[in-house]
Amino acid sequence: MTDRRDALAGNLAKVEERITAACVAAGRKREEVTLIVVTKTYPASDVRILSELGVRHVAENRDQDAAPKAAACSDLPLAWHFVGQLQTNKVRSVVGYADVVQSVDRSRLVTTLSKEAVRAGREVGCLIQVALDAGESARGERGGVAPGGVEELADLVAGSPGLRLDGLMTVAPLTGEYAGRQQAAFERLMDLSTHLRRAHPTANMVSAGMSADLEQAVAAGATHVRVGTAVLGVRPRLG
Ligand SMILES: *Cc1c(COP(=O)(O)O)cnc(C)c1O
């Protein structure tokens, strides 16, 4: 396992350098940006190594993979983020291990999350996933609510027992007006965050940026970047 450890340590150091350089370029402090390592498709043994290397936040996008992995790593000091499209029939399981659900995008999901969080006696952090490729009121291809639906959903989360409104998340769109314009997309998310924080001052998380575009996210003001490939390698299958 030491080869894997060396590889992950090397990749992590490179990502750390990129985040630091992006912070310097943007005149931001390094502490303003939290690295979340997206461990989807990789085994619990990698999560354990990452934890030993100092990673404190990991993310998964499929409950079937995440639930056993989180159970195998329950002794580690990690925060688990759920970043995938979430079906309501998976919510009970997800609430069992997720500290933050970043993909909240419809009212029925909020209602179910609230019910299950209360049932489990847990407080679950929620990010509203914003679809910047949708029309003003539609839903995105890869999940997410259009900008026009953010406020209503945020108010619903904030008023739901067992849930904590933490902020906003997006994935840079591949289609629509923001295709190929990651920084503009992330700046739009920041504008929505500024607006959201007027009504919900503590909802200050802005989750944006992946392996390919973390610099643009940091430049725009993201507080959390979600990095998979650049730390763990190219995924063996789509996920
Ligand atoms: C997979 C995934 C990431 C990480 O993507 P990489 O390109 O591997 O860094 C980030 N966010 C979400 C929502 C993902 O599904």
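How do the residues of the shell around the ligand divide into nonpolar, polar and charged? The shell has 5 nonpolar, 3 polar and 3 charged residues. Ala, Val, Leu, Ile, Met, Phe, Trp, Tyr, Cys and Pro count here as nonpolar, Asp, Glu, Lys and Arg as charged, and the others, Gly among them, as polar. The model is predicted: local features need pLDDT of at least 70, side-chain atom pairs count only at pLDDT 80 or more, and totals for chains, interfaces and linings use all residues. Residues are numbered from 1 along each chain as its sequence is written, and side-chain values use heavy atoms, with hydrogens and water left out.

The ligand is surrounded by Val-38, Lys-40, Val-83, Met-169, Met-210, Ser-211, Arg-226, Val-227, Gly-228, Thr-229 and Arg-235. For Lys-40 the distance is 2.7 Å. For Ser-211 it is 2.5 Å. An N or O atom in the side chain of Thr-229 lies 2.5 Å from a ligand oxygen. On its own, the ligand has 390 Å² of accessible area, and the protein covers 88% of it. Accessible areas come from the Shrake-Rupley method with a 1.4 Å probe; for residues, only the protein chains shown count as cover.

Lys-40 is also one of the residues in contact with Lys-69 (heavy atoms within 4.5 Å), leaving aside neighbours within four places in sequence. Other contacts of Lys-69 include Val-47, Glu-60 and Trp-80. Lys-69 lies in helix α3 (residues 63–72). Helices (H or I, at least four residues) and strands (E, at least two) are DSSP runs, numbered from the N terminus. Lys-69 is buried, at 8% relative accessibility. Buried means under 20% relative accessible area, exposed over 50%, and partly exposed in between (1.4 Å probe, protein chains only). The side chain of Lys-69 reaches the backbone oxygen of Tyr-42 at 2.6 Å.

Side chains of opposite charge can pair when their charged atoms come close. The structure holds 14 salt bridges (a side-chain nitrogen of Lys or Arg within 4 Å of a carboxyl oxygen of Asp or Glu). One of them joins Arg-119 and Glu-116, at 3.8 Å from N to O. Both residues lie in helix α5 (residues 107–120), 3 residues apart, about one turn of the helix. Arg-119 is exposed, at 54% relative accessibility. Glu-116 is buried, at 6%.

Another salt bridge links Glu-123 to Arg-164, with the closest N and O atoms 2.9 Å apart. Glu-123 lies in the loop between α5 and β5 (124–130) and Arg-164 in strand β6 (residues 163–170), so the pair ties together parts 41 residues apart in sequence. Arg-164 is partly exposed, with a relative accessible area of 31%. Arg-164 also forms a salt bridge with Asp-166, the closest N and O atoms being 2.8 Å apart. Asp-166 is buried, at 9% relative accessibility. Salt bridges that share partners join Arg-92, Glu-116 and Arg-119 into one network.

Definitions and conventions:
Near = heavy atom within 4 Å. Polar contact = N/O pair within 3.5 Å; in protein donor to acceptor, adjacent residues only side chain to side chain.
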